[in-house]
Amino acid sequence: MNIRNKVIIITGASSGIGRATALALSKYKNTIIIVARRKDKLEDVAEIIRDNGSICHYFTGDALDENFCNEVVDEVIKMYGVIDLAILNIGIGPPSNTLQASAIKIKHCMQINFDTFIHFYVPIMHQMKKQRTECMIAHMNSLASFFGIPMQGDYTAAKGAVRLFMQTARMELKHFGFKNIHIQTIHPGFVDTEAVRDDGMPAPYEISKEKAAGYIIEGIKKNKKENMFPFKTTLGIRLARRWLPEWLITCVVLSQTPSDY
Ligand SMILES: NC(=O)c1ccc[n+]([C@@H]2O[C@H](COP(=O)([O-])OP(=O)(O)OC[C@H]3O[C@@H](n4cnc5c(N)ncnc54)[C@H](OP(=O)(O)O)[C@@H]3O)[C@@H](O)[C@H]2O)c1
C-alpha cells in the first residue's frame, strides 16, 4: 500500500523498532499516532516526527488496559474518521526458563505480547471493516515464532499464537469479502535495540533498528503477508522448517544457548 498521507497508529513507539519505524514513516507527510507508557520518550519521538513534516499525536498508557486501547482508537476515529495503517508492535522477550519461571512471569510475558495486540486489533478491525479504502493491520512478530527456543518459551508461544491468529484473520477477510484490508505479520530476525542489548542471547546477523524500519516500510508497500528479514536469518529459518529434522534443529539451537541461564 501507499505509505504517504496516511493515518497511522504505531503502538510501542517510544523506543526500539517502533520508534525507528515511526520516524521513517514521518518522512512521508503522514498523520502518526504513537502509543506507549513513557511520556518523555513519546514527546521526544513526536517532536522529531513533526520536524520531519508529519502530524503526530501521542497517547500515554498501558496497553494491558483494554479501556485505554479502546479510547485511543475512538479518539483517532473522532479526529480523522479513518485508520489506514496500524503497526501493533508492543512486545517483550526477557530471558525465561520454562523449568524455573513463575506462572506470574510467564503470564506477564504472554499478556504483553498477546493481550496488548488483541486490545488494539479488535477496535481497529471493527473500524476498518467500515472503511472502503485500502488499509492494513501489521503485527510485529518475530522469526522466533516458528520454533520453540530455549530462554524464550513464553515469548515464542505468544508470538506463535498471534501468527496463527493473523493467518486466520487473513482467511476470514477473504472469505467475507473484505478485499481492502491487508493483514501483515512482520518477522524481524535479531535487531539491536536497548531491550535486547544485554539480554545474554546470541544474536547472529543482527541489524540496526533503522535498517529494520527500512525492511518494514518496504514490506508494507508491497502488501506482503509475511514480512521476514534479514535475508540470511530468514533463509536459515526457511531451510530448517522445510528440510531439517527436529533433532538437528535442537542441536543447532542448543549450540547457541548459554549453559547457565
Ligand atoms: N529487538 C529484536 O531483536 C526483535 C526481534 C524480533 C521481534 N522484535 C519485536 O519487536 C517489537 C519491539 O521490540 P524492541 O526490541 O524495539 O523493544 P522495545 O524498545 O522495548 O519496544 C517495546 C515497546 O513497547 C512498549 N510497551 C511495552 N509494554 C507496554 C505496555 N504494557 N503498554 C504500552 N506500551 C508498552 C514500550 O514502551 P514503554 O516502555 O514506554 O511503554 C516500547 O515502546 C516487540 O514486539 C518485539 O517482540 C524485536
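Let's start with P230, which sits in the loop between β9 and α8 (231-243). Strands and helices here are DSSP runs numbered from the N terminus, with at least two residues (E) for a strand and at least four (H or I) for a helix. Before going on, keep in mind that this is a predicted model, where local features need pLDDT of at least 70, side-chain atom pairs count only at pLDDT 80 or more, and totals for chains, interfaces and linings use all residues. Residues are numbered from 1 along each chain as its sequence is written, and side-chain values use heavy atoms, leaving out hydrogens and water.

Another spot to look at is K29, in the loop between α1 and β2 (31-36). K29 isn't a glycine, yet its phi is positive, near 55°. Most residues other than glycine have a negative phi, and most peptide bonds are trans.

Now for the sheet. It's open, with 7 strands in the order β3-β2-β1-β4-β5-β6-β9 and parallel pairing; two strands pair if DSSP finds at least two bridges between them. β3 (55-60) and β9 (226-229) are the edge strands with a single partner each, so one side of each has no neighbour in the sheet. From one strand to the next, the twist averages 15°. β9 runs parallel to β6 (residues 181-188), and 4 bridges join them. Look for H187, whose bridge partner in β9 is M228.

Lying across β4 (85-88), β5 (135-140), β6 and β9 is helix α7 (residues 209-221), at about 150° to β9. That angle is taken between N-to-C directions, on a scale from 0 to 180 degrees, using lines fitted to C-alpha atoms, for helices over the stretch in contact (heavy atoms within 4.5 Å).

Finally, find the ligand. It's surrounded by 28 residues, and the closest are S14, S15, R37, Y155 and T193; a residue is near if one of its heavy atoms lies within 4 Å. α1 (16-25), α5 (153-175) and α6 (194-197) each give at least two residues to this shell. A backbone N or O atom of A63 is 2.9 Å from a ligand nitrogen, while a polar backbone atom of N89 is 2.8 Å from a ligand oxygen. The protein buries 93% of the 880 Å² that the ligand exposes when taken alone, with areas from the Shrake-Rupley method and a 1.4 Å probe.

Methods. Polar contact = N/O pair within 3.5 Å; in protein donor to acceptor, adjacent residues only side chain to side chain.
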